Amino acid sequence: MGTVARIFREYRLLAAVLVELIVVLVLHFSGHTGAAQLVATAFVGFVILLTVIDMVKQLLRKEFGLDILAVVAMTASLAVGEYLAASIIALMLTGGEALEDYAAARAKRDLRSLLDRAPQRAHRLPGVDAPVDQAENIEIDQVEPGDVLLVRPAEVVPVDGEAIDAGSFDESSLTGESAAVAKDVGDTILSGSVNGTQAVRMRATRSAADSQYQKIITLVRQTEDQQAPIVRVADRYAMPFTAVSLLIAGLAWWFSGDPVRFAEVLVLATPCPLLIAAPVAFLGGMSRASNAGIIVKGGAVLEALGSASTAAFDKTGTLTYGRPTVAAVHAVGVSEDELLAAAAAAEQFSSHVLALGVIEAADGLALPEARNGREVATEGVEAEVDFVAGSAGSAGEAGSAGAGSTVVRVGTLDFVRGMASDASEV
């Protein structure tokens, strides 16, 4: 009932046409055909008038659509007494417009989720040594290169900049990579990335308009209004299609001598599926792509994908699900289950993307008690775990990462730090 009420509220013309069609059907099948014809003629005539007004507005914009066939078909049907056919065409026309409007609104709402995520303000500090509580909230357009900004935990980076403090950032909205990226002092921080668990100072290197995230937002805005080639083709052939349909309808009337044939041909030629299918398909496709984290520049790009035979991606990991899993455990001095349980106990204090994978891998194991856990940016997680291990061994004995894998070192604090220089880069 809620959906029906929303349709009646938001698409009043469609709701009125539905009510009119029900009334006409009841009158028709109860034997009151005269009253049914009168109601249908009056209401469908009103729909024709509204459609003609819209068509005139389109012509003033030098646009010619296929709605003229629907108008002629409804007019011809009423003229020959086929009021039921006229009412059904009116339902097709208003229902198609409502469907297109609903699909467009939903697609734009999904695309605008990226726009709504864009930061509107930045926290500017008077200088590098200024206390955090002196941060001034300013509009993002007021940020200039050289400004010292404070990015609080879990905030979106407002502009491109250079790290003053070390930190960890989620760049998945920009690169598709789910793993957090560690940034040292002096490293580039991209706008649109999400800060980790600690506040970080940065120096702006670009204004908001020139930053990476704003370029993506501009791309999305262009996508919302861009038509696909197939939609333009439908509009381009609207006039000849209409002319041919009218010619065929006229010939049918001429050879049969029955004006009803004229109306029947136009009813069949009314191209509501063509008018609705193309925009709904493209808007729906862009909407689904947006939900999956894929930004499609427009309908032209989406249509071109239909004939693509090869796809190239910039890096490994772009097509992954973003949920790292434990591929193997290499334990020295303890069993693999003991090591995995100890690691999972410590990872409970971490918000790193790899932590969840370790914890899920230890599902079903009895985890030892862990205390005083804390996450150390760019280094890992530290915790006091009730666990006694034997000799940790060397880096070679502990194993190394395979292709597409990342090593998570587990051991006492001095052991892990001592192995850092020997860790493979993957």
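Tutor: Accessible areas here come from the Shrake-Rupley method with a 1.4 Å probe. In this predicted model, the accessible surface of the protein chain comes to about 24,200 Å², and carbon and sulfur atoms hold 58% of that area.

Student: What percentage of the residues in the protein chain is buried?

Tutor: A residue counts as buried when its relative accessible area is under 20%. By that cut-off, buried residues form 32% of the 426 residues in the protein chain, which contains 16 helices and 11 strands.

Student: Which residues have the most contacts inside the largest nonpolar core?

Tutor: A nonpolar core joins buried residues through side-chain atoms within 4.5 Å. The largest one has 25 residues, and those with the most contacts inside it are Val 44, Ile 48, Met 74, Leu 78, Tyr 83, Ala 90 and Leu 266. Helices α2, α3, α4, α5 and α10 each supply at least two residues of this core, with α4 giving the largest share, 7 residues. Setting aside neighbours within four places in sequence, Ile 48 touches Val 71, Met 74, Thr 75 and Leu 78. A second, separate core of 15 residues includes Ile 138, Ile 140, Val 143 and Val 200.

Student: At what angle do α4 and α10 pack?

Tutor: Such an angle is taken between N-to-C directions. Helix α4 (residues 67-79) packs against helix α10 (residues 259-269) at about 145°, with the axes 9 Å apart, and the crossing is left-handed.

Student: Which residues of α4 and α10 meet?

Tutor: From α4, Leu 69, Val 72, Ala 73, Ala 76 and Ser 77 meet Phe 262, Ala 263, Leu 266, Val 267 and Ala 269 of α10. By class, that contact has 9 nonpolar residues, 1 polar residue and no charged ones.

Definitions and conventions:
Residues are numbered from 1 along each chain as its sequence is written. This is a predicted model: local features need pLDDT of at least 70, side-chain atom pairs count only at pLDDT 80 or more; totals for chains, interfaces and linings use all residues. Side-chain values use heavy atoms; hydrogens and water are left out. Axes are lines fitted to C-alpha atoms, for helices over the stretch in contact, and angles run from 0 to 180 degrees between N-to-C directions. Helices (H or I, at least four residues) and strands (E, at least two) are DSSP runs, numbered from the N terminus. A crossing is left-handed if the near helix is turned anticlockwise from the far one by less than a right angle, and right-handed if clockwise. Contact means heavy atoms within 4.5 Å. Ala, Val, Leu, Ile, Met, Phe, Trp, Tyr, Cys and Pro count as nonpolar, Asp, Glu, Lys and Arg as charged, and the others, Gly among them, as polar. Buried means under 20% relative accessible area, exposed over 50%, partly exposed in between (1.4 Å probe, protein chains only).
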